[in-house]
Amino acid sequence: MAKLARSEELVRARLEGLQDLHGEGSEEAEVIGAHLLLLDDPEFSDEIRMLVESESLCSEAAIHQVTEESAAILESLDDEYLAARAADVRDVGNQLLRSVLGLPLDTWDDLAAPSILVASDFFPSETATLPPGMALGLCTMEGSPTSHIAVFARGMGLPAVVGTDLPELQPGTLMAMDGDTGEVYVDPTQEMLDVLRERQERQNRAEEKAAERTHEPAVTLDGIHIEVAANIGSDEDARRAVERGAEGVGLFRTEFLFLDRTRPISEDEQYEAYRSVLSAFGDHLVVVRTLDVGGDKQVPGIEIGEELNPFLGLRGIRLTLARPELMRTQLRALLRAGTAGQLAIMAPMVAGLADLMDFRTALEEAERSLAGDGLEYATGYQVGIMIEVPSAALVAARLARHVDFFSIGTNDLTQYTLAVDRTNREVAGRADAFDPAVLRLIAETASAAGSSGCWVGVCGAMAGDPLAVPVLIGLGVTELSVAIPSVPTIKERVRELDREACRTLANRCLGAADSSEVRMLLNTV
Ligand code: PEP
Ligand code: MG
């Protein structure tokens, strides 16, 4: 048992050292902090000790068993985010095991030259300890876009291809990769290398140019200001988004605050998080979406129960209307925090007028309860809804009278319009937001909004695709909310366009037969 305690101490000291190295607030430091919490979690360490004492297992076997059992529980939760956290548990277990076995904790001693690093998967502590400048890219056979490897790669500005099939490779094999397209080349020809180098140089030049002007507004050639905002999930994201030149937040996915915990986050904790994001953006608008769980997003402590079609079930606003306590707590926290900046509150998955009116009633009730408690709260905030269910787009003219804005969620709007489950790999190729049917719903929404004076943004992934920007602007969208790293390039894309020309183009896209024709038209811009 003394050996186990010593090993824990060694791992703890190493993690603390790494945390200091990366500096407070960095993504690396946050992941390492989560590992420290796990290492000290009594459920984890006591369980190992219990197996050693009462089942007479050696420390190594006990660590392995507890690690695998804990990881398996997370993986069985039918939630991509939590399943990805199983990697953290295995990472901590692996470090502890290496320490008990007297093996070195550092993996990178043999790395002699900057290289593309290939593995079935990387532990977060491995990516966090990469010697600076030694990784040219990361390639894994396991992993998903929400796994830590993807988060780290993005944070370090490294190209990464995750979850790809690769043959067995010897160290020193010549390789090339394109993180944008997900292509990996083993032993590429000189010709291929020349093509890729040229592509890389062109991209570097474009990114440098975009970064230089990212703190300037995005104005079209004919003088129309398009607001380029960021999609965020935490207050740490807010800081990075400001640095990257985001002109506000177009989508704060608050469900991220509810993850990594066993019970829903309290009103005061939510208040602190919202306040910090609103303060970071000062006079810029921060659109906070109320809790959007259900479907493929499950949150510990919020039981939804078995559903045959979860995407058509208790999801988004349907869930928070069915659990008024959740809605009330969140709205109270938001309204209290709203005094710190420019707040907009947005409801997800609104299907029609009844959902919207119930949402407005919940807002009035939250205001009344705060007034009753004598607490200060915001009054001049904006109210909006996501347009992500086709029925809402079709009655947008009725909805527009009761909101300040619409934000189009093209991820779900595409899924529901084309009847394509966004999580099903078998039909992933059919989920194309460029389908004219989806474009017509966006057009319907924008024209309904225009007649009522409310603004329209897009916060689905389509907003961050440079190919989509002209058609969205042409259809009447004036705000694009995109992933943080895309802010500079989307701003630059806006600056190349003329809104009148975009309108003509958008009309042609609406008349196209299918998404291939739309893409062909857009590729001419
Ligand atoms: C969308 O559906 O487009 C959207 C932005 O919401 P989410 O991806 O969080 O469902
Ligand atoms: Mg959605």
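Where is the place of A419? Select A419: its place is in the loop between α17 and α18 (436–452), where helices (H or I, at least four residues) and strands (E, at least two) are DSSP runs numbered from the N terminus. A419 has a positive phi of about 55° although it is not a glycine. At 71% relative accessibility, A419 counts as exposed; the classes are buried under 20% relative accessible area, exposed over 50% and partly exposed in between, with a 1.4 Å probe and protein chains only.

Before going on, note that this is a predicted model, in which local features need pLDDT of at least 70 and side-chain atom pairs count only at pLDDT 80 or more, while totals for chains, interfaces and linings use all residues. Residues are numbered from 1 along each chain as its sequence is written, chains are lettered from A and ligands numbered from 1 in the order in which they are written, and side-chain values use heavy atoms, with hydrogens and water left out.

Next, select M349, in the loop between β10 and α14. Its phi is near 55°, a positive value in a residue other than glycine. M349 is buried, with a relative accessible area of 2%.

Now go to strand β10 (residues 342–347), which holds Q342. Q342 is partly exposed, at 36% relative accessibility. Show D283 as well: it is 59 residues from Q342 along the chain, yet the two C-alpha atoms are separated by 6.0 Å. Not counting residues up to four places away in sequence, Q342 touches L278, G282, D283, H284, L285 and V286; contact means heavy atoms within 4.5 Å.

The metal site comes next. Select the magnesium ion (ligand 2), which is coordinated by E388 (OE) and D412 (OD) at 2.0 to 2.2 Å. Donors are N, O and S atoms within 2.8 Å of the metal (3.2 Å for Na, K and Ca), and water is not among the atoms, so sites may look incomplete. E388 lies in the loop between β11 (382–387) and α15 (390–394) and D412 in helix α17 (residues 410–418), so the pair ties together parts that are 24 residues apart in sequence. E388 is buried, with a relative accessible area of 2%, and D412 is buried at 3%.

Two helix pairs follow. Select helix α13 (residues 324–337) and helix α14 (residues 353–372): their axes come within 9 Å and cross at roughly 65°. Axes are lines fitted to C-alpha atoms, for helices over the stretch in contact, and angles run from 0 to 180 degrees between N-to-C directions. On the α13 side, the contact residues are M327, R328, L331, R332, L335 and R336, and they meet residues of α14 including F359, A362 and L363.

For the other pair, select helix α1 (residues 2–22) and helix α3 (residues 42–54), whose axes come within 11 Å and cross at roughly 155°. That makes α1 roughly antiparallel to α3, a term for angles over 145 degrees. Show L4, A5 and E8 in α1, which meet S45, I48 and R49 in α3.

The last stop is T214, in the loop between α8 (190–212) and β6 (218–219). T214 counts as buried, at 4% relative accessibility. Leaving aside neighbours within four places in sequence, T214 is in contact with R244, G245, V487, P488 and K491.

Note on methods. Angles under 35 degrees count as roughly parallel, over 145 as roughly antiparallel, 65 to 115 as roughly perpendicular and the rest as oblique.
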